Amino acid sequence: MTRALSREQARRIALHAQGFGAKDRSTAVNRGHLRRLMRRLHILQLDSVPVIIRTQYMPAFSRLGPYDPALLDDVAYGHDDWFEAFVHEASLVPVEDEPLFRFMKERARNGDTWGGLVKLASQEGDYIADVLQEVSDRGPIKANQLSNPRPREGEWWGSRSIGTLALDYLFRVGAVGVRRVGNFEKEFDLLERIVPPAVIAQPTPAVDDALKELLVRSAAALGVGTGPCLTDYFRLPKRLVKPLFAELVEGERLVLCDVPGTDRPTYMHPDTVVPRSMHARALLSPFDPIVWFRDRASWLFDFDYRIEIYVPKPKRKYGYYVLPFLLGDEIVGRCDLKTDRNDGVLRLLAAFAEPGIDTDKADLGAIAADLAAELQQLATMVGVDQVSVDCRGRLADAVKQELLLGS
């Protein structure tokens, strides 16, 4: 049986599943909030670009409100509640989920990973074994602390040392894990010294069982999504998961849905809640699950989004590091932002209302008021004193006026 959903219902389902509206964002955030949010999301994508703040800190801010980023680091790396794994790019996932990702490590050992690492493993097996032994003897250890880090040899290695690449290979195959220290630096240690022994001792699930569980968790985390969307959440192998959807529907672990905007089969978790309303207000990271799968952002939110970091400046449409602005259950705008720590300000470099959003004076003023309040909260989050509007335009001018009124 297929369940019919309006697009408005699907959006509310998606936002509720992702933790929007679960907490008053004006109250303090504690470790318990972060742990409960991770139980909803199952994953936090990492990225080293600190234009505003590193992306792993943003999903919690968007859902919970401003907090000290050191709190998340403490939960992840101080208490080892979470560990890094290469799922949906480099990400944090709960340590108790480690058995579910072992099949990915096995695939990496069999050559299903970055070609440069496969080449390294075939040519430098003895060196990789020596690096692993050194991590075992001396870990936690940084790449530049290896006794023989070996500078790069040949253009195809890129700029990283052979030691760094060896550690990356050992990470991909699950021999070592990573903790972050200082300025987002990696310290490598044996995985069994990061993931608890009781988890390491658990039996390895069959590949199909792991894939099915991860698809179900994707559905729970996203609320509603197409097959490709659920597959992308943990970057699962498409060929292996494609035949599993029918089994999961037949076994009542997924519910087949019909949602306007897409002609693909769409799924939701059987325990999914359909909220009557959604009063979210958030600036979203470019790597937030709400927008990281472009096709879903398009059919669910009418939002065409492309990260333009790697687009040459003359060809950028919106800006270098643009955050979508979520209001209610719609994405109503986007902002190009940058944290200027030297001057202690969060700079609004560009502001755009979405084409489908009414922009008469009253509507624009309401959006601007909420956006100004959200920018002030983001400034608090990143640790600067004020917001500077460094652009012109109807929305930017309205935001500037709101900030002046609130100062």
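## Ground rules

The model is predicted, so local features need pLDDT of at least 70 and side-chain atom pairs count only at pLDDT 80 or more, while totals for chains, interfaces and linings use all residues. Residues are numbered from 1 along each chain as its sequence is written, and side-chain values use heavy atoms, with hydrogens and water left out.

Helices (H or I, at least four residues) and strands (E, at least two) are DSSP runs, numbered from the N terminus.

Rolling a probe the size of a water molecule over the atoms shows where empty space is left. The search uses a 1 Å grid over the protein atoms alone. A pocket is an open set of points with protein on both sides within 12 Å along at least five of seven lines. A cavity is a set of points where a 1.4 Å probe fits but cannot get out. Lining residues have an atom within 4 Å of a point. Grid points are joined across faces, edges and corners, and a volume is the space filled by probe spheres set on the points.

The largest pocket has a volume of about 870 Å³. Its lining has 34 residues, and Leu46, Asp47, Ser48, Glu89 and Ala90 lie nearest its centre. Strand 3 (82-86), helix 8 (162-172) and strand 6 (185-190) are the elements that give two or more residues to this lining. Helix 8 supplies the largest share, 4 residues. By class, the lining of the largest pocket has 16 nonpolar, 5 polar and 13 charged residues. Here Ala, Val, Leu, Ile, Met, Phe, Trp, Tyr, Cys and Pro count as nonpolar, Asp, Glu, Lys and Arg as charged, and the others, Gly among them, as polar.

The second largest pocket holds about 460 Å³. It is lined by 24 residues, with Phe86, Val87, Met104, Asp112 and Arg235 nearest its centre. Strand 3, helix 5 (102-109) and helix 8 each give two or more residues to the lining of the second largest pocket. That lining divides into 14 nonpolar, 3 polar and 7 charged residues.

## Cavities

The whole structure has 2 cavities of 30 Å³ or more. The largest cavity has about 50 Å³ of space. Leu34, Leu37, Met38, Leu44, Ala60, Leu72 and Trp82 line it. Helix 2 (residues 31-41) gives the most to this lining, with 3 residues. The lining has 7 nonpolar, no polar and no charged residues.

The second largest cavity has about 30 Å³ of space. Among its lining residues are Pro286, Tyr305, Arg306, Glu308 and Gly319. The lining of the second largest cavity has 7 nonpolar, 1 polar and 2 charged residues.

## Helix contacts

Axes are lines fitted to C-alpha atoms, for helices over the stretch in contact, and angles run from 0 to 180 degrees between N-to-C directions. Angles under 35 degrees count as roughly parallel, over 145 as roughly antiparallel, 65 to 115 as roughly perpendicular and the rest as oblique. Contact means heavy atoms within 4.5 Å.

Helix 1 (residues 7-17) packs on helix 14 (residues 294-301) at about 130°, with the axes 9 Å apart. That angle makes helix 1 oblique to helix 14. Helix 1 brings Arg7, Ala10, Arg11, Ala14 and Leu15 to the contact, and helix 14 brings Arg296, Ser298, Trp299, Leu300 and Phe301. These residues divide into 6 nonpolar, 1 polar and 3 charged. Buried means under 20% relative accessible area, exposed over 50%, and partly exposed in between (1.4 Å probe, protein chains only). In helix 14, the buried residues are Arg296, Ala297, Trp299, Leu300 and Phe301.

The axes of helix 7 (residues 125-138) and helix 8 come within 10 Å and cross at roughly 75°. Tyr127, Ile128, Val131, Leu132 and Val135 of helix 7 meet Ile162, Gly163, Ala166, Leu167, Tyr169 and Leu170 of helix 8. By class, this contact has 10 nonpolar, 1 polar and no charged residues.

## Single residues

The loop between helix 7 and helix 8 holds Pro140. The peptide bond from Gly139 to Pro140 is cis, with omega near 5°.

Asp80 is not a glycine, yet its phi is positive, about 55°. It lies in the loop between helix 4 (69-78) and strand 3. Asp80 is buried, at 14% relative accessible area. His88 also has a positive phi, near 45°. His88 sits in the loop between strand 3 and strand 4 (90-94), and is buried at 2%. Lys238, in helix 12 (residues 238-241), is exposed at 68%.
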